[in-house]
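Subject: Structure handover and findings

Dear colleague,

Please find below the structure I promised to pass on to you. My notes on what turned up in it follow directly after.

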Amino acid sequence: MATRSVPAGINNELDESVVKPYYAVDLDFVDSNNNAAPVYLWTGVGDLSVGGNTYLGLGGLLEISRTQETSDLSVQGTRITASGLDPNILATAITNKYHGRDCTLYFGVLDDNNNPTQVELFSGFMDVMTIQEDAESATIELTVENKLIKLEVPSNIRYTSAYQKSKHPGDLGLDYVEALQNRRILWGKT
């Protein structure tokens, strides 16, 4: 497994006497016409611009459960909880497609001038969203599955001539596979 590199800006800021860490979340929603409707949130206050995206600050109202990487490639998900949401973001969450869409979590730090440097911490797919509303506020809890979950999904690919031709008409590459199943081949004999 390759090691993850941490930007020098983060390492430098972590050595300072005052550290301003944060988490940020990219949620890749799409509307009913398959147009992008992304939501960007972070654990600070106010707006934060990073890489051309503007993150809405939720402060302590944005919670991210513990993320964990394992050396055995086991699938570990995470959970994101957001409270006190802007009605527009709540509407985006309710009306747009999210299941199976990308979600990326970042860890970052702000320098003395509040310039951000961040690194990807977790990447996965949005799975189950639970919305709890009362008269004064709404809370969204979103479970996110690790991208390694795809390794647990069985493939429906069949290595037959008919399947190959359904995907690539005119391809003759698998025409003789069935005939090889019970064929006896003697190597090295005349």
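Is Asn34 buried or exposed? Asn34 is exposed, because its relative accessible area is 54%, which is over the 50% cut-off for that class. Please keep in mind throughout that this is a predicted model, so that every value below is computed from predicted coordinates.

On confidence, the chain has a mean pLDDT of 84, with 91% of its residues reaching 70 or more. The lowest confidence falls in helix H4, residues 177-180, with a mean of 80, whereas the highest is found in strand E3, residues 47-50, at 93.

As for the overall architecture, the chain contains 4 helices and 9 strands, and their order along the sequence is α-β-β-β-β-β-β-α-β-β-β-α-α. The radius of gyration of the chain is 24 Å, while a compact globule of 190 residues would have one near 16 Å. Along the principal axes, the C-alpha atoms occupy a box of roughly 80 × 45 × 30 Å. Of the 190 residues, 29% count as buried, and the accessible surface amounts to about 12700 Å², with 49% of that belonging to carbon and sulfur atoms. Among contacts in the chain with a separation of 6 or more, 54% are between residues 24 or more positions apart. For the charges, there are 14 positive and 25 negative side chains, and the centres of these two sets lie 20 Å apart.

Two backbone positions deserve a look. Most residues other than glycine have a negative phi. Asn34, however, has a positive phi of about 65° although it is not a glycine, and Asn34 sits in the loop between strand E1 (20-27) and strand E2 (39-42). Asn114 likewise has a positive phi, of about 60°, without being a glycine, and the place of Asn114 is the loop between strand E7 (102-110) and strand E8 (116-133). Asn114 counts as partly exposed, because its relative accessibility is 44%.

Turning to the strands, Ile64 belongs to strand E5 (residues 62-64) and counts as partly exposed at 23% relative accessibility. Leaving aside neighbours within four places in sequence, Ile64 is in contact with Tyr23, Val25, Thr78, Arg79 and Leu105. Ile64 and Thr81 are 17 residues apart in sequence, and their C-alpha atoms are 6.4 Å apart in space.

Thr78, one of the contacts of Ile64, is found in strand E6 (residues 78-83). Thr78 counts as buried because its relative accessibility is 6%, where the class requires a value under 20%. Not counting residues up to four places away in sequence, Thr78 touches Ile64, Ser65, Arg66, Thr67, Leu105, Phe122, Leu142, Thr143 and Val144.

Finally, in the helical part, Ser161 lies in helix H3 (residues 161-167). Ser161 is buried, with a relative accessible area of 13%, and apart from residues up to four places away in sequence, Ser161 touches Leu174 and Asp175.

With best regards

How values were computed:
Residues numbered from 1 in each chain as written. Heavy atoms only, no water. pLDDT = per-residue confidence, 0-100. Helix = DSSP H or I, 4+ residues; strand = E, 2+ residues; numbered from the N terminus. Buried < 20%, exposed > 50% of the residue type's maximum accessible area, 1.4 Å probe, protein only. Rg over C-alpha atoms; globule rule 2.2 N^0.38 Å. Contact = heavy atoms within 4.5 Å. Areas by Shrake-Rupley, 256 points an atom, 1.4 Å probe, with all protein chains shown as cover. Lys, Arg positive; Asp, Glu negative; His and termini not counted. Charge placed at Lys NZ, Arg CZ, Asp CG, Glu CD.
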